[in-house]
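This report is meant for a reader meeting this structure for the first time.

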Amino acid sequence: MRRPLFLIIGLALLSLAHARVEVHQFDSPEQEDSYNKLVAELRCLVCQNQNLADSNAELAVDLRRKTYEMVKQGQSEKQIADFMVDRYGEFVLYRPPLNSSTLLLWVGPFVILVIGVTLLLRTIRRRRAEQSPGVADDTLKTAASLLDTDRDKRDA
Amino acid sequence: MTRAIVPLAAFLALAGLFWYVLGLMNQGEYNPRDVPTQLIGRSAPAFALPDLLDPNKTVSPTDMAGKVWLLNVWGTWCPECWKEHDYLIHLARREGVPIVGINWRDEAAEAKAMLTRLGNPFLHIAFDPNSNAAIDWGVYGAPETFLIDADGVVREKHTGAVNRSVWEEKFKPYFVAAGQAT
């Protein structure tokens, strides 16, 4: 029973393994870190829901090479990100900066959450009001006294 | 009854919106994957690349200084480039539009074969197999066509095949204003 599961997991991991094909030599572990961080955070412009690291599109290969060259030249992560934004716009960043045009993107989910929670609370409150029987106080008293007399009789 | 009206209205509104946007996409007026160029109003990025037809020569945007011209990024691997090729030839031969090509990420032999077969609308063709110029121009697909004015400033860009309506609406007014077209 377990074998097919392992097979599926193994196959799933394979797809992760094949994505990056180039082998790069870096001068320092910091450079390698910068490179890995950048290719993970820059978007592939061809297959737009992938980052540069995961994409096999030809432009992505060239943009990875460009990133590698710039890292090797000693440019900072910010310089390289700015270089890409200068050419492709903020869309190239997977984590767009917070500004007026991206405000909805950042705040939108929280606004929707607040609206959802408010609606939920209102519905719960209304349901509770509907379910609780609207019985007048004196009716309740009569009922209680009837129950009491009932019990008195049974106990007697 | 009234309970069903709100979800039904919401569904119909959304369906209408999707239908409308799909219509825009089919007419080519809206492309959700478009990456707007950053170059409008900026000077044309420099490059110096070998000429596809004569590797000893260099092609550079400064060669075109003083006139309005088009820069067309193409490759033989791009189906839309084959589609627009006839129209580029029309522009070059009938309208006298100076067009410089960037042959992007292509095989030189295949690119030359395509030009032999379909004709060559380009004044010069820069050969860019490694995206050196393409990245500087913010190119992400092909074909892409830029309009550069006499001062070397990028004024317009079109993603996708150039056809008559693109020419008349986007590009022609600049050539007319410069006295290069009527």
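## Chain B as a whole

In this predicted model, residues 24 or more positions apart account for 73% of those contacts in chain B that have a separation of 6 or more. Chain B has 5 helices and 7 strands, and when these elements are read along the sequence they follow the pattern α-β-β-β-α-β-α-β-α-β-β-α. Of the 182 residues of chain B, 34% count as buried.

The overall dimensions of chain B can be described in two ways. Its C-alpha trace spans about 80 × 35 × 30 Å along the principal axes, and its radius of gyration is 20 Å, whereas a compact globule of 182 residues would have a value near 16 Å. Chain B is divided into domain 1, which covers 1–29, and domain 2, which covers 37–177, and the C-alpha centres of these two domains of chain B lie 40 Å apart.

Strand β4 of chain B, made of residues 99–104, is mostly covered, since 6 of its 6 residues are buried. In a regular strand the side chains alternate between the two faces of the sheet. In β4(B), the residues B:I99, B:G101 and B:N103 point one way, while B:V100, B:I102 and B:W104 point the other way, and all of them are buried.

On one hand, β4(B) is joined to strand β3 of chain B, residues 69–74, by 5 bridges, and the two strands run parallel. Within this pairing, B:N72 stands opposite B:G101 in β4(B). To pass from β3(B) to β4(B), the chain crosses through helix α2 of chain B, residues 79–94, and this β-α-β crossover is right-handed.

β4(B) also pairs with strand β5 of chain B, residues 124–128, in the parallel sense and over 5 bridges. In this pairing B:W104 stands opposite B:D128 in β5(B). The chain passes from β4(B) to β5(B) through helix α3 of chain B, residues 108–118, and this β-α-β crossover is right-handed. A further bridge partner is found for B:G101, namely B:I125 in β5(B).

## Strand β5 of chain B

## A hairpin in chain B

Strand β6 of chain B, residues 144–148, and strand β7 of chain B, residues 154–159, are joined by 5 bridges and run antiparallel. In this pair, B:L147 stands opposite B:E156 in β7(B). Together β6(B) and β7(B) form a hairpin with 5 residues between them, and in the turn B:G152 has a positive phi of about 80°.

Chain A has 6 helices and 0 strands, and from the N terminus on its elements run α-α-α-α-α-α. Buried residues make up 14% of the 156 residues in chain A. Of the contacts in chain A with a separation of 6 or more, 45% are accounted for by residues 24 or more positions apart.

A:R122 is found in helix α5 of chain A, residues 103–131, and it is exposed because it has 10 other C-beta atoms within 10 Å, where the limit for an exposed residue is 12 or fewer. The C-alpha atoms of A:R122 and A:A60, which are 62 residues apart along the chain, are separated by 49 Å.

The contact between the two chains takes 12 residues from chain B and 13 residues from chain A. On the side of chain B that touches chain A, the residues divide into 4 nonpolar, 5 polar and 3 charged.

Methods:
Residues are numbered from 1 along each chain as its sequence is written. Chains are lettered from A and ligands numbered from 1 in the order in which they are written. This is a predicted model: local features need pLDDT of at least 70, side-chain atom pairs count only at pLDDT 80 or more; totals for chains, interfaces and linings use all residues. A residue is buried if 20 or more other C-beta atoms lie within 10 Å of its own, exposed if 12 or fewer, and partly exposed in between; C-beta atoms are placed from the backbone. Helices (H or I, at least four residues) and strands (E, at least two) are DSSP runs, numbered from the N terminus. Two strands pair if DSSP finds at least two bridges between them. A crossover is right-handed if, with the strands pointing away from the viewer, the path from the first strand over the helix to the second runs clockwise. Domain bounds come from an automatic or database domain assignment. The radius of gyration is taken over C-alpha atoms; the globule rule is 2.2 Å times the number of residues to the power 0.38. Two residues are in contact if their C-beta atoms, placed from the backbone, lie within 7 Å. Ala, Val, Leu, Ile, Met, Phe, Trp, Tyr, Cys and Pro count as nonpolar, Asp, Glu, Lys and Arg as charged, and the others, Gly among them, as polar.
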